[in-house]
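Good morning, everyone, and please have the sequence and the structure open while I talk.

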Amino acid sequence: MSDGSSETAASLATTPLHALHVALSARMVPFAGYDMPVHYPLGVLGEHTHTRTKAGLFDVSHMGQAYVMGPDHQTTAQALEGLVPSDIVGLAPGQQRYTVLLNAEGGIIDDVMVTRPADPAREGHLFMVVNASRKAVDFAHMRAHLPATVVLEPLETHALIALQGPQAVAIFAQHCPAAAGLVFMTATHAAFDGIDIHVSRSGYTGEDGVEVSVAGKDAERLARALLADEAVEPVGLGARDSLRLEAGLCLYGNDIDETTSPVEASIAWVIPKHRRAAADFPGAKRILQELDAGPARKRVGILPDGKAPARAHTPIHAAGAAEGPALGEVTSGGFGPTANGPVAMGYVARAHAKAGTALELMVRGKPRAAHVARLPFTPHAYVRHASD
Amino acid sequence: MADLKFTKDHEWVRVDGAVATIGITDYAQEKLGDVVYVELPDIGTRVGQGDEAAVVESVKAASEVYAPLSGEVVEVNDALADAPAGVNDDAMGGGWFVKIKLSDAAELEKLMSEADYKAYLAELD
């Protein structure tokens with residue numbers, strides 16, 4: 001076991017909530033160039049369960065935030081559609097969408113959130129949230145490919161804070177009533193105890209909840225106001241990972257990268273029918289061919305039959321073929337506290353991708369029985385309709 | 001009184017006659033965090049000093065538990081299979097991993113005393 005965080009801390013970036021993490025006795029680790037909390041005194045297991053049953057507060061300020069700004073929605077959205085395979089033009093004001101930036105070969109440069117702001121003063125703007133580890137690559141790629149009339153403006157000093165869990169929205173709405181009116185994947189500018197925020201009903205845990213973009217100077221006040229509620233606990237990157245894994249959500253760099261296509265990654269649903277018909281996105285040739293004939297490999301959920309967790313890079317074999325060539329490897333895996341057992345996902349050859357297919361995982365050189373399972377491992381609790 | 005010894009990899013050994021009980025230290029369990037899985041060797045397995053004797057996994061990572069001494073595994077703590085959190089609750093006692101019948105008692109000399117181990121931990125933090 002090593003603890004190498006101290007010697008590199010000086011070269012790491014910090015978020016506007018760094019002092020709060022330290023004050024809350026977080027264990028800090030380097031992550032994507034930032035000094036980030038991996039867990040607090042409650043621990044990964046407790047933080048995970050707390051988020052599933054009450055509400056967890058996450059600092060995700062290391063993620064990249066930016067506005068893409070053009071003269072009008074049509075122009076900006078069309079420009080972005082040149083880089084992603086989803087419907088951006090059709091976004092209603094206040095609507096948010098998950099999509100992927102694609103390279104010319106149809107590989108995933110990053111998976112991102114795009115929101116058309118509800119505020120008419122932001123007409124022609126799109127708000128984007130991108131992965132921390134990819135923001136430099138994404139922003140350079142976007143700047144290189146967006147037309148001159150559409151500019152990218154990163155929000156360098158803003159914080160991004162998530163409150164997730166069954167009680168999250170009720171607690172948040174005590175400070176920001178507008179949040180209660182949002183449904184899953186919608187957003188609005190609003191005031192939180194008088195602080196200007198942009199809030200969306202979304203997240204990375206499979207639970208109901210919100211993600212809030214706020215000026216760095218106001219971030220700690222907002223976070224402390226939420227932590228003052230006894231149902232809210234701070235949650236670190238450890239539980240963030242186990243929560244998203246149980247929810248079947250991809251982690252860039254593990255489950256998706258520049259070699260994986262959206263079809264292989266089992267997120268082809270981001271490509272609507274009219275974009276498939278138009279074939280007007282990067283890598284359309286490969287992606288449409290994979291949609292038609294099936295991809296060579298596919299991301300699937302994997303449930304080990306026993307208790308041994310299978311971590312990333314564990315080789316996956318066909319049942320009874322542990323001696324033969326691997327079908328693929330686990331890309332994310334570990335113990336699922338809510339699933340109360342090991343959970344994983346990974347890529348397998350298409351012939352082995354059907355739910356229920358028996359597999360063998362080579363865990364530390366020993367074959368362990370497992371099978372392909374439907375994702376998510378824990379049902380999503382998104383609030384999709386105002387009447388819910 | 002049984003002789004308590006430690007390794008730099010944060011295992012402890014309690015020797016009672018020819019049999020050594022082995023576990024991980026309280027420092028190790030705290031660094032690991034919530035233990036969710038323990039893999040124990042088969043009874044009768046022969047291990048050399050420094051060989052992998054068991055695996056302990058927390059929510060964060062998997063770590064090997066090395067045999068601090070050579071010998072034959074004569075007993076394993078089966079209770080950990082169903083209740084791996086026992087390692088967190090009582091690392092130095094009920095959370096033991098394996099019992100080994102020693103093949104070379106002289107190897108004990110290579111291990112740290114409790115005072116040495118405490119000094120070693122002080123250097124780490």
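Met69(A) lies in strand β4 of chain A, residues 64-69, where a strand is a DSSP run of E with at least two residues, a helix is a run of H or I with at least four, and both are numbered from the N terminus. This is a predicted model, in which local features need pLDDT of at least 70 and side-chain atom pairs count only at pLDDT 80 or more, while totals for chains, interfaces and linings use all residues. Residues are numbered from 1 along each chain as its sequence is written, and chains are lettered from A and ligands numbered from 1 in the order in which they are written.

Beyond its neighbours within four places in sequence, Met69(A) is in contact with residues including Thr76(A), His125(A) and Glu153(A), contact being C-beta atoms, placed from the backbone, within 7 Å.

Turning to the sheet, six strands of chain A form an open one with mixed pairing, in the order β10-β11-β12-β9-β3-β13, and strands pair if DSSP finds at least two bridges between them. β10 and β13 of chain A stand at the edges with a single partner strand each, so one side of each is left without a neighbour in the sheet. Strand β3 of chain A runs parallel to β13(A), joined by three bridges, and Gly56(A) stands opposite Glu233(A) in β13(A).

Finally, 14 residues of chain A are in contact with twelve residues of chain B.

Notes: Two residues are in contact if their C-beta atoms, placed from the backbone, lie within 7 Å.
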